[in-house]
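Subject: Two-chain model, handed over with notes

Hi,

Here is the structure I promised you. Please open it alongside this email, and my notes follow below.

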Amino acid sequence: MLAITQASLRSITRSPSAVIFSLGFPLVFIVVFGFISGNRIRLEVGVDERCDTTTTLYQSILKIPNVELITDKSEAELKQQLIKGRVDAILYIHPGKDSAAGKIVELITSKASREKGSFVQSVLTNLIDKQNISFFRTLSKDQESQETGTGNWANNLAQLKQSEIEGREYKMIDFILPGQLGFSILSAGVFGTAFVFFSLRQTLVLKRFFATPISRTFIVLGEALSRLIFQLAGSLIIILIGKYVFGFTLINGFTTLIEMLLLSALGLIVFMGFGFVVSGLAKSESVIPPLANIVTLPQFLLSGTFFPIDAFPPWLQTICKGLPLTYLNDALRKVAFEGAGLMDISHQILVIALWGVIVYIAAIRFFRWE
Amino acid sequence: MGCISSILHPRLNIIRRSSQDNLQHRYFPYVLHTQAIIEVKDLVKHYGDLHAVQGISFTVFEGEIFGLLGPNGAGKTTTLEIIETLRDKTSGEVWVDGLSVDIDPGEIKKRIGVQLQSAGYYPSLTLTELLRLFSGLYNVPVIPEDMLKLVGLEDRSKAKYKELSGGQKQRFSICTTLINRPRVVFLDEPTTGLDPQARRNLWDLIRQVREKGTTVVLTTHYMDEAESLCDRVAIVEKGKNHRTGYSREPY
């Protein structure tokens, strides 16, 4: 078996297409996205439990389409999320006078999502200004009719108190790299396995192997092992380039790296199953690319490789949440940026493993040796 | 017709084997070749409606070059692959070195060397690396350079299989069959497509293999090859063998 692994590994490293697909492409994407930084316009604002939600200010925030208010989290949870950059800001409108405008509004943003935090702030400032102006208008009307004292009108103005807390800076690379890593694993697993097994079968290399005492299981295991080693080495290179060239966040350093590699290995094993199915189904070499693309392309686009899946309409998200790469990408990001342990992402791992079981049942059914 | 019972071997060559079971040869150098190494009886193979092999029987004796002669599509390759345990048979009996293909295919694989008609080898590996791979597959340590020297390819050790000429490819294929020091090697149309010179060279190589005590079973559709290279020949046509006998007997 090790002889096959060694031979296969040599063969892979000498085949230019394997290197390009599993290393070149993802790196190009990382470089491209590492330099351009995209913006998503959805703002997630956590609402403090004590926040007064009856005010007109709150009602007008509700009406802004880009802002999503999160109301079901405790203050501690929100803070945690703010640090991780999952929530862009926390809003706290002090309950006070019944007056619609006279409130102290607190907004906490974090460095984790500075751009969006300041965006939220400017939206809010804008709203408060408008409200204050309209308050002045009613005030001046009142003054005309009643000439009331001017002493406490200032208390009725809404004030914005803004503060910023420390957070991890969530860069574009932190989103893009795990996605590319996941995609690299997917394409290497599917394309690599499908092509190699098909051509080994076609050129009778496998048949020649059968004439030797080695068992079929070991032929597959040997091949799989070599791909695993090659791809993990590729993953390592991608992560290290990401870290040292583009400042990719490895939150717990070495542990995170190992956890990412473990996840990569799991993903690769599952995706190789797809490759076996494809190589078994394909009647000729030209059928492999379309078949393999059927597996990879939808996942490429829908699994949060380039854009987060929450940007999609809900019906599409349902599809996204069925794909194994979605979970792999998600798990990789959680591990890399949020420092989640493998236990914390057991849900993702379970879904990927479930896919593995399904795929390998299909692979056993369709796999052909000759 | 069945097989002609063995009489004196035409070559009367001295067999230099040292293993215990062949001890008798040392005492009787001009021995009768009575020891059967392969026995095929009423072999039948159907592929659906296609009756590729319809009752072939023959015996191969130790130390000879045995040929299966017949036109394309006669069932030679199928017969060979059944003996090599690469294919299941429909009915009949096949014994290799005293082992039945039904019971001991794994053990048989350890004792035979197989050259397929158009086998490919692992892409982008050099000959040396390929030999190391096969050495691992058979779990037999070999020195690749020595193996290559055996077939006269020592100066191509860094070449890749697909860079070899037709004759060299066949020599290399034979080289991989010798790694496990097999009792029998099977060569499926080893000289097809080679130029006359390369063909002669390959014949010499095959004879060398036999000189070292390995039995050779090959298929061919060339009459002259059967005549000058093989000691005995079975003529196969349309899935049946008409005759088995010494290649220099008049047909």
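Which residue forms a salt bridge with D102(B)? The partner is K89(B), and the closest N and O atoms are 2.8 Å apart. This pair links distant parts of the chain. D102(B) sits in the loop between strand 5 and helix 3 (105-111) of chain B. K89(B) sits in the loop between helix 2 and strand 4 of chain B, 13 residues apart from D102(B). D102(B) has a relative accessible area of 52%, so it counts as exposed. K89(B) has 18%, which puts it under the 20% cut-off, so it counts as buried.

One caution before the rest: this is a predicted model. Every number below is computed from it.

**The two chains**

Chain A has 370 residues, and buried residues make up 49% of them. Its secondary structure comes to 13 helices and five strands. Chain A exposes about 17,300 Å², with carbon and sulfur atoms supplying 63% of that area. Among its contacts with a separation of 6 or more, 78% are between residues 24 or more positions apart.

Chain B has 251 residues, and 55% of them are buried. Here the count is eight helices and 10 strands. For chain B, residues 24 or more positions apart make up 66% of the contacts with a separation of 6 or more.

**Where the chains meet**

On the chain A side, 22 residues are in contact with 24 residues of chain B. The two chains bury about 2,200 Å² between them. Carbon and sulfur atoms carry 63% of that buried area. How many salt bridges cross the interface of chain A and chain B? The rule finds one. E81(B) forms a salt bridge with K207(A), with the closest N and O atoms 2.6 Å apart.

**A sheet in chain B**

Chain B has an open sheet of four strands. The order is 2-1-4-5, and the pairing is antiparallel. Strand 2 (50-61) and strand 5 (99-100) of chain B stand at the edges. Each has a single partner strand, so one side of each has no neighbour in the sheet. Helix 2 (residues 76-83) of chain B packs on this sheet. Helix 2 touches strand 1, strand 2 and strand 4 (91-96) of chain B. Its direction makes about 120° with that of strand 1 of chain B.

Strand 1 (residues 36-47) and strand 2 of chain B pair in the antiparallel sense over nine bridges. Within that pairing, I38(B) stands opposite V60(B) in strand 2 of chain B.

W95(B) lies in strand 4 of chain B. Leaving aside residues up to four places away in sequence, W95(B) touches I37(B), I38(B), E39(B) and S100(B). Is W95(B) buried or partly exposed? Its relative accessibility is 35%, so W95(B) counts as partly exposed. The C-alpha atoms of W95(B) and I108(B) are separated by 9.3 Å, and these residues are 13 apart along the chain.

**More salt bridges**

Over all chains, the structure holds 16 salt bridges. Two further pairs in chain B are listed here.

- R111(B) and E107(B) meet through their side chains at 3.3 Å, N to O. Both lie in helix 3 of chain B, four residues apart, which is about one turn of the helix. R111(B) has a relative accessible area of 27%, so it is partly exposed. E107(B) is at 30% and is partly exposed.
- E225(B) and R199(B) form a salt bridge at 3.4 Å, N to O. E225(B) is in helix 8 (residues 223-229) of chain B, and R199(B) is in helix 7 (residues 196-211) of chain B. They are 26 residues apart, so this pair links distant parts of the chain. Both E225(B) and R199(B) are buried.

There is also a network of salt bridges in chain B. It links E62(B), D97(B), E107(B), K110(B), R111(B) and R183(B).

Best wishes

Key
Residues numbered from 1 in each chain as written. Chains lettered and ligands numbered in written order. Predicted model: local features only at pLDDT ≥ 70, side-chain atom pairs only at ≥ 80, totals over all residues. Heavy atoms only, no water. Helix = DSSP H or I, 4+ residues; strand = E, 2+ residues; numbered from the N terminus. Buried < 20%, exposed > 50% of the residue type's maximum accessible area, 1.4 Å probe, protein only. Contact = heavy atoms within 4.5 Å. Pairing = 2+ DSSP bridges. Axes fitted to C-alpha atoms, helices over the stretch in contact; angles between N-to-C directions. Buried area = accessible area lost by both parts, 1.4 Å probe. Salt bridge = Lys/Arg side-chain N within 4 Å of Asp/Glu carboxyl O. Areas by Shrake-Rupley, 256 points an atom, 1.4 Å probe, with all protein chains shown as cover.
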